[in-house]
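Please open the structure in your viewer and keep the selection panel at hand.

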Protein chains: 2
Amino acid sequence: MIFLRDNILLREPLRPEHIKPRLLGHWGTCPGITLVYAGLDKLVCETGTPTMLVTGPGHGAPANHASLWLEGTHADLDPALTRDTAGLTELVRRFSWPGGFPSHLSPQVPGVIHEGGELGYALATATGAALDHPDLLVACLVGDGEAETGPTAAAWAASRYLDPVHDGAVLPILHVNGYKIASPTQSGAADDEDLLSLYTGHGWAPRIVDVRGDYHDPELSPDARMAEALSWAHSRIRQVQEAARNGADANVPRWPMLVLRSRKGWGLPAESGGAPLEDTVRAHQVPLPHAADDAAELADLEQWLRSYRPDELFGADGVPAPDILACCPTGDLRLGANPVTDGGRLRRPLPLPDVRPFAVDVPEPGGARAGATPTAGPWLAALLRETETRRDFRIMCPDELESNKLGAVLEVTGRAWQPEPPVAAAHLARDGRVMEVLSEHNCQGWLQGYLLTGRHGLFPCYEAFVSIVDGMTNQYAKFLKVAAEVPWRHPVASLNYLLTSEGWRQEHNGYSHQGPGFINMMLTKKASVARVYLPPDANTLLATLEHCLDSVDRINVVVAGKNDGPQWLDLDDALAHCRAGAGVWEWAGTEARHGDGPSADDSPTGSPGARRPHPDVVLACAGNIPTVETLAAAEMLRRDAPGLRVRVTNVVDLLTLPPAERHPHGLPDAEFEKCFGGAGVPVVFDFHGYPSAVHECLHGRPDASRFHVKGYIEEGTTTTPYDLLASNGVSRHDIAVEALRRAEGWSTRGGELADRYARERDDILVELRRTGQDPVAISEWTWDGGR
Amino acid sequence: MIFLRDNILLREPLRPEHIKPRLLGHWGTCPGITLVYAGLDKLVCETGTPTMLVTGPGHGAPANHASLWLEGTHADLDPALTRDTAGLTELVRRFSWPGGFPSHLSPQVPGVIHEGGELGYALATATGAALDHPDLLVACLVGDGEAETGPTAAAWAASRYLDPVHDGAVLPILHVNGYKIASPTQSGAADDEDLLSLYTGHGWAPRIVDVRGDYHDPELSPDARMAEALSWAHSRIRQVQEAARNGADANVPRWPMLVLRSRKGWGLPAESGGAPLEDTVRAHQVPLPHAADDAAELADLEQWLRSYRPDELFGADGVPAPDILACCPTGDLRLGANPVTDGGRLRRPLPLPDVRPFAVDVPEPGGARAGATPTAGPWLAALLRETETRRDFRIMCPDELESNKLGAVLEVTGRAWQPEPPVAAAHLARDGRVMEVLSEHNCQGWLQGYLLTGRHGLFPCYEAFVSIVDGMTNQYAKFLKVAAEVPWRHPVASLNYLLTSEGWRQEHNGYSHQGPGFINMMLTKKASVARVYLPPDANTLLATLEHCLDSVDRINVVVAGKNDGPQWLDLDDALAHCRAGAGVWEWAGTEARHGDGPSADDSPTGSPGARRPHPDVVLACAGNIPTVETLAAAEMLRRDAPGLRVRVTNVVDLLTLPPAERHPHGLPDAEFEKCFGGAGVPVVFDFHGYPSAVHECLHGRPDASRFHVKGYIEEGTTTTPYDLLASNGVSRHDIAVEALRRAEGWSTRGGELADRYARERDDILVELRRTGQDPVAISEWTWDGGR
């Protein structure tokens with residue numbers, strides 16, 4: 001696949017024109033993948049165990065393609081990839097060819113739930129796939145390069161979380177061929193003793209499979225060694241599961257894992273052009289890169305390819321020999337055809353509980369206090385109860401469920417945990433459906449594997465630390481984007497983040513715990529994939545979560561508060577507001593008081609005769625805390641500047657801001673103008689995150705520079721909530737000052753008031769530094785009801 | 001510190017008014033930190049070993065503060081923190097108080113090079129600090145929560161990279177107190193055998209120090225146990241180093257590490273309010289949160305605090321008892337006063353080689369071909385040669401040096417690697433000063449530790465995968481921001497990323513290897529910290545690297561190509577262009593041909609009488625590949641639309657784009673207009689990364705919506721370079737089409753030409769899918785010299 005465009009079966013001498021013009025791919029890891037794939041095929045044929053393979057070294061895609069073609073999965077999904085010369089030629093040509101298969105594994109490849117381009121995530125993904133699939137065996141190849149990554153290193157902890165009763169098994173196969181791109185690997189340098197010690201310490205039962213010997217010696221046959229090892233692993237897995245399922249063994253299982261030692265690029269000529277080739281870094285990518293131009297390399301290539309004896313492997317028509325075909329499982333037992341690998345086929349919509357009984361009663365805006373995540377917790381608990389038998393909804397969280405005030409879910413299910421619980425620990429259960437581990441990488445990987453095999457989930461996380469998985473989310477967004485373009489793939493449940501414990505209320509922690517940058521990262525993703533929601537209170541959070549958990553093929557980022565605070569919308573208004581994505585809160589502004597006539601302003605604006613722009617200023621806000629500050633500012637202005645026409649607009653769905661041609665959620669121009677006024681109307685936008693996120697969304701909106709965005713500007717430490725807001729210029733006083741300074745015609749009259757607000761702000765800052773806390777008027781502020 | 005604002009030494013009964021109004025902090029991990037700090041003090045006093053402590057659980061800051069106050073470092077740096085009642089009261093009050101010390105470790109705290117807020121990076125940071133500091137002992141506390149993170153799990157590999165001859169030692173101390181925030185830890189659940197097995201497998205010599213017994217039994221004294229273990233570790237380290245330094249032992253060292261088992265919140269009352277307290281998750285944060293309001297809790301608090309017997313520890317004046325003070329090292333041997341922990345004090349400017357001999361000879365724009373990183377490689381090699389004795393410059397790279405075409409550096413120094421090199425491996429050396437590991441987390445952590453202890457470095461990385469360290473970079477930017485505000489901290493060398501193997505030329509890999517989002521992340525950082533440079537060719541890369549390696553206190557992101565391509569600027573022009581940050585390339589546009597008069601355009605633009613805006617369109621570009629495409633488009637338009645006034649502007653420094661009030665590099669309005677024309681002039685901006693990065697920079701520039709930004713829009717796969725550009729709408733044809741459609745007055749005449757270009761583009765796409773490669777006219781395009 002890496003080399004040939006024609007003469008695939010070498011029915012004639014190899015000539016330069018048979019070679020592709022661009023040689024793109026990676027040979028080094030392929031032989032190991034083929035060995036493992038074939039070994040698994042044999043195991044499946046013998047045991048009938050439903051099995052899938054997660055391939056960490058995804059750049060070994062040709063090995064997977066070959067096996068998929070051999071087992072007939074390719075032909076099932078694409079009639080051009082038949083099991084004959086024509087189909088094989090088409091497959092080989094397509095590889096790394098414009099418009100064909102990419103050089104790495106990808107969603108276009110059957111059986112794949114993990115691309116393996118950015119290394120590190122195979123093992124966690126495999127673990128997620130095994131959860132709640134009790135009969136499934138998830139084999140997972142981990143390259144020795146990948147094994148150096150942090151996410152992989154953390155993922156070995158799976159042994160302490162997999163429940164032998166309700167979950168399937170993960171069989172990790174560490175493929176040690178000794179080299180990464182250009183240098184030796186840590187695993188390659190470790191002796192057997194260290195490797196066995198390491199993986200024993202991680203809680204596994206490791207076994208070494210060394211196939212570096214003389215391959216032609218039947219005593220040392222790699223296939224026989226692999227088969228023996230897989231058979232041992234399978235028996236051990238079944239023993240563990242049967243003992244646990246019969247109640248015969250309550251010990252923490254020590255699952256098998258294999259260390260496969262092979263030569264990098266195994267099967268290559270030992271040398272070419274006078275330099276070693278097999279078992280060196282030269283084998284990593286394209287081992288004979290000048291085959292089209294260099295006669296000696298072409299001869300080496302031909303000799304190498306013929307060493308596989310294609311004439312014995314294929315009949316005259318290119319159909320593989322019957323004894324080879326007989327090695328492949330059939331139907332859904334084929335690794336590429338296991339239904340879980342196209343998880344959308346199995347996905348059932350969640351039985352979402354009605355949100356109404358969980359909603360906060362909000363008789364009028366500001367007329368109740370509640371916390372958003374504490375309100376969502378019981379609803380999520382109800383969802384966990386509804387799915388108790390189905391076991392297709394899980395929550396993954398980096399040990400922050402209780403800190404994020406979602407502890408209600410623990411009344412329904414425990415934290416998954418296999419070891420003996422310590423005396424003082426609560427809410428641990430071997431069959432728990434919430435998973436807490438202090439590794440965002442594991443949470444993300446587990447959830448990806450869980451979703452892509454047909455289930456649902458939620459990832460609550462401290463907002464500041466979710467950036468730890470930026471790289472994984474990047475790659476997952478790519479997977480979703482491509483998967484949606486593959487005709488045979490079925491939609492999967494969305495990946496839902498609930499980001500809370502946001503920086504504005506991280507008093508126990510301070511600067512390191514402030515970081516809203518995940519929003520910016522998400523905004524770089526495809527419009528078809530990315531969604532960012534900032535519900536301002538509890539009922540809007542309920543409405544948002546209900547929507548997200550019912551959606552497919554998206555990454556939904558929901559940012560919500562956990563602290564007690566004023567509630568703005570009753571459930572019906574919340575549902576309507578979330579459907580719209582953004583809207584004017586008329587009860588919070590003063591436009592209705594002024595009617596359509598000119599305001600009491602002393603200086604008309606615009607050019608003579610122009611229609612005076614309404615309102616004088618728009619106070620926009622997105623996010624829980626900014627909404628409170630904006631409404632407090634609106635209240636101050638209503639009281640102190642009664643002549644000022646203020647419109648208050650709240651944004652739940654950040655992607656209503658871009659022009660409609662850039663994002664499907666972008667408000668049409670007329671709707672946008674309803675929310676934010678037309679050209680010339682100043683908007684003071686109090687934003688939860690970095691101002692840049694709003695800036696980039698607004699590009700292309702007419703007169704975007706009228707938006708003055710306030711947000712987190714990386715000023716932070718351990719201090720009071722008000723001090724933090726003021727440091728970043730987003731306190732109620734800052735908003736009111738900015739509004740007065742920006743409102744046209746108010747620079748003089750408003751200036752005095754603005755100065756007063758600025759002085760008030762500074763007085764508060766002095767006071768809170770003295771007392772160590774915010775003044776009661778700030779910390780216990782409640783909306784005056786608009787009266 | 002967590003509780004008291006007064007009566008610190010309990011000279012009177014504890015009353016509610018002595019309690020802080022907001023109780024913020026984390027007690028659980030503090031006792032272990034204190035034990036380790038005191039143990040290290042004893043070791044230093046006995047051995048005189050220069051030692052520092054990297055504290056992973058930075059939320060245990062009160063423990064560090066206490067020891068720093070005791071050893072007198074605090075008083076040295078702040079006269080208010082004297083070693084008496086007044087100083088102690090001030091210290092205790094300041095903790096978690098607005099305007100005081102944050103609740104976590106931070107750059108404000110002496111001896112600290114690692115904040116420990118976002119967990120996972122302590123061990124890699126400690127490793128970086130030890131490199132090239134042969135006499136230094138870097139003790140590193142790793143919490144058992146932190147030990148679950150991927151970055152920590154990967155960092156144990158340090159044992160295979162630390163050179164016993166040239167590097168100092170890292171002594172990891174895994175602090176197992178059994179619980180993270182709310183649930184048990186993996187390490188806590190593992191038995192001693194598994195822990196010993198795990199860390200032996202990682203290449204260390206582990207020893208368990210269990211202090212959970214009866215503390216008052218002298219036989220079980222925690223201090224004695226810790227002292228004995230530290231003494232063992234120290235001896236072993238010295239043996240390893242002496243053997244290696246005398247040439248007596250060439251084996252890979254097995255460095256000591258400790259596992260400290262303690263009770264979480266050790267020293268707390270066993271229970272409070274009828275529920276267990278010590279050794280439970282309740283000990284994690286504030287164990288008696290209602291002490292100010294609840295008399296029983298206040299009594300518990302008083303009893304607990306008195307259990308430390310303050311009257312014995314302090315004299316009447318609050319000065320610690322002489323026997324306690326005698327336990328502290330003095331001068332620079334104090335852990336908080338080790339000069340390496342304020343690395344800027346030790347930093348010497350790099351002996352940067354003159355770039356001139358390394359520059360590409362560019363007789364005229366486009367008159368040479370070269371690769372950017374292949375040009376920079378020899379210059380970096382020269383720098384490594386210049387620093388061979390000083391050993392204060394290193395390159396950390398995730399095994400991509402050669403792939404990134406920086407292999408020249410390996411002619412000067414090897415890759416650091418302690419194990420026996422495999423037969424086929426080259427360029428490995430125990431004293432190597434480039435470090436390759438397939439873990440971006442390790443590269444980043446090592447480099448942070450290296451820089452913060454006074455040295456210099458470079459982190460070359462595939463651009464797409466540097467997002468793996470988004471979280472770490474976030475935190476490091478915070479560290480730099482705060483450190484610059486601390487009066488006694490000295491500037492450290494900047495952290496320099498060289499991002500290459502960019503997505504536009506990732507033919508071997510495809511979609512997973514395309515991701516320019518690190519730029520967007522960097523744009524969220526403080527203007528005082530973040531820099532983003534996109535040198536368009538080899539000489540501009542040299543100029544940029546020279547600037548970055550000479551700078552301090554910044555994070556410089558440099559994005560450059562590795563492939564052969566046209567060169568635009570000779571060295572002098574490159575230096576000038578990089579100094580300006582952005583500039584018009586007059587030789588590439590057509591304005592000079594047209595003079596100041598009206599163009600040959602057929603339809604005047606703007607309102608009658610208005611001065612015709614010049615030029616008709618600006619072609620702006622930033623980045624290596626976009627510059628090529630933009631110049632190719634400019635050439636096409638010069639040839640096919642001679643009447644069109646085109647200005648070509650290249651941007652090296654992305655932060656010239658924001659308004660000057662938002663970023664210090666922002667071009668003043670007049671300069672901006674010189675580059676991009678004034679309001680109404682359309683700009684077609686071909687950008688290396690996501691268009692949103694340019695969008696957000698432009699917010700606030702007048703009439704920003706005239707900028708039509710083209711960039712990476714997440715369309716990608718394994719294909720030809722042109723196909724990838726066209727998929728994302730940034731090919732030369734797309735740029736030329738956009739220019740014609742946007743240039744005012746050209747919609748009719750230009751429309752026909754635009755249609756022709758679009759057809760050409762589509763023909764090329766058909767052709768390359770047939771042949772598997774780009775047409776020669778595209779792949780071998782060279783600038784026509786503007787003639």
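Begin by selecting the contact between the chains, which takes 111 residues from chain B and 111 residues from chain A, two residues being in contact if their C-beta atoms, placed from the backbone, lie within 7 Å. This is a predicted model, in which local features need pLDDT of at least 70 and side-chain atom pairs count only at pLDDT 80 or more, while totals for chains, interfaces and linings use all residues. Residues are numbered from 1 along each chain as its sequence is written, and chains are lettered from A and ligands numbered from 1 in the order in which they are written.

On the side of chain B that touches chain A, colour the elements that give two or more residues, among them α8 (192-201), α15 (470-483) and α25 (747-771) of chain B; helices (H or I, at least four residues) and strands (E, at least two) are DSSP runs, numbered from the N terminus. The most is given by α15(B), with 7 residues. Coloured by residue class, this side of chain B divides into 38 nonpolar, 49 polar and 24 charged residues, where Ala, Val, Leu, Ile, Met, Phe, Trp, Tyr, Cys and Pro count as nonpolar, Asp, Glu, Lys and Arg as charged, and the others, Gly among them, as polar.

Next, superpose the copies: a rotation of 180° with 0.0 Å of shift along its axis brings chain B onto chain A with an RMSD of 0.0 Å, fitted by least squares on the C-alpha atoms of residues with pLDDT of at least 70 in both. That is the relation of a two-fold axis. The same surface serves both copies, since 99% of the contact residues of chain B recur in chain A.

Finally, select the open sheet of 5 strands in chain A, ordered β18-β20-β19-β21-β22 with mixed pairing; two strands pair if DSSP finds at least two bridges between them. Its edge strands are β18 (582-584) and β22 (707-710) of chain A. Strands β19 (617-622) and β21 (683-687) of chain A pair in the parallel sense over 5 bridges, and the bridge partner of L619(A) in β21(A) is V684(A).
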